[in-house]
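Please open the model in your viewer and keep the selection panel at hand. The tour begins at a helix and then moves to a group of aromatic rings.

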Amino acid sequence: MGGVLTGTTCEVFMIVITAPTGNIGRHLVPLLLADAPAHGEELRVIARDPARLPVEVRENVEVITGSHGDAEVVDRAFEGADAVFWLVPPDSSQPPADAWSGFTRPAAKALAAHGVGHVVGVSALGRGTPVADRAGLVTASLAMDDLIAETGVAYRALANPSFFENLLEEVGSIREKGVFTDVVDADRKAPLVAIADIAAVAGRLLLDRSWTGVGDVPVLGPEDLSPRDLARILTEQLGRPVRYERQSLEDLRTTLLGYGLDEAFVQGIADMKQAKDNGLDAGVARTADTASPTTFAQWCAHTLKPAVLA
């Protein structure tokens, strides 16, 4: 059990992690398991299916079973919590406002009720840009940040650009046709980031809670890249030609609706994509504090290339 001795008592600190089996959570939990004991911290996770947690995780954390969108679940999970890692799993069966703020509302009430001090949330770049209010899923994510901030917690929103990992959805097309698609201009340079780097920033914030107030923490990757840049690096890494094909927004909408996604959610994706093509992710300068280390070439070699060659 973790804790800090205060006189004759041991004060125990608790970090709650949502979505521990998700893309970011599966990187974050091992980092915290390795470092939390030295900081006098214990870990509690909320998981719909605890069986999906690795054995070493289940044996070393407290598990609350259920959805973190459920009021009773977050009420139990946040009792005695000092910090929370908050991530909303996108629900493509609902309009964006319901998928983010609607899902978060029970947690916001529980944060206030239990006096949780610090929250680190997964959000997006774009706040303060001219297109922030018409950026679909990003606009919904920024509204979720405001909802959490209104509870009075100290809050840091991880302001992320698009992920390298989005290209994993294109593995089949890259393997079979040497093509990946998006709707942005081929020469539109923008920040991109590896999910593992986001997890590393979240871990540092959760363990060093000297920060106060509300703010964004951009995680921008090491350089801006255009789709044409990605195609060049993919070609180099895979040793075969890879090219970018620009898709129209209407074709994107048609494809996503064909998968049975909620129409408002699909429009939210299209609005986000259009906003990114209009500079949504260009509002923050890259500095030593906002850059993250993993390059696209490194990520390709470690993650994408094995998937394409599998």
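Start by selecting α10 together with α4 (96–114), α5 (137–149), β9, β14 (243–246) and α9 (249–258), because the buried residues of α10 pack against these elements, where contact means heavy atoms within 4.5 Å, buried means under 20% relative accessible area with a 1.4 Å probe and protein chains only, and helices (H or I, at least four residues) and strands (E, at least two) are DSSP runs numbered from the N terminus. This is a predicted model, in which local features need pLDDT of at least 70 and side-chain atom pairs count only at pLDDT 80 or more, while totals for chains, interfaces and linings use all residues. Residues are numbered from 1 along each chain as its sequence is written, and side-chain values use heavy atoms, with hydrogens and water left out.Now colour the buried residues of α10 (263–277), among them Phe265, Val266, Ile269 and Met272. At the start of this helix, select Asp262, whose side-chain oxygen reaches to within 2.9 Å of the backbone nitrogen of Ala264. Just after α10, Gly279 takes a positive phi of about 95 degrees.

Next, select Phe164, Phe296 and Trp299, which ring pairs link into a cluster; rings of Phe, Tyr and Trp (its six-membered ring) pair if their centres lie within 6.5 Å, and planes under 30 degrees apart count as stacked, over 60 as edge-to-face and the rest as tilted. Phe164 and Phe296 have ring centres 5.3 Å apart and planes at 65 degrees, so this pair is edge-to-face. Phe164 lies in the loop between β9 (162–163) and α6 (171–177) and Phe296 in helix α11 (residues 296–309), so the pair ties together parts 132 residues apart in sequence. Phe164 counts as buried at 2% relative accessibility, and Phe296 at 1%. Turning to Trp299, its ring centre is 5.8 Å from that of Phe164 and the planes stand at 45 degrees, so this pair is tilted.

Notes. Buried < 20%, exposed > 50% of the residue type's maximum accessible area, 1.4 Å probe, protein only. Expected span 1.5 Å × (residues − 1). Polar contact = N/O pair within 3.5 Å; in protein donor to acceptor, adjacent residues only side chain to side chain.
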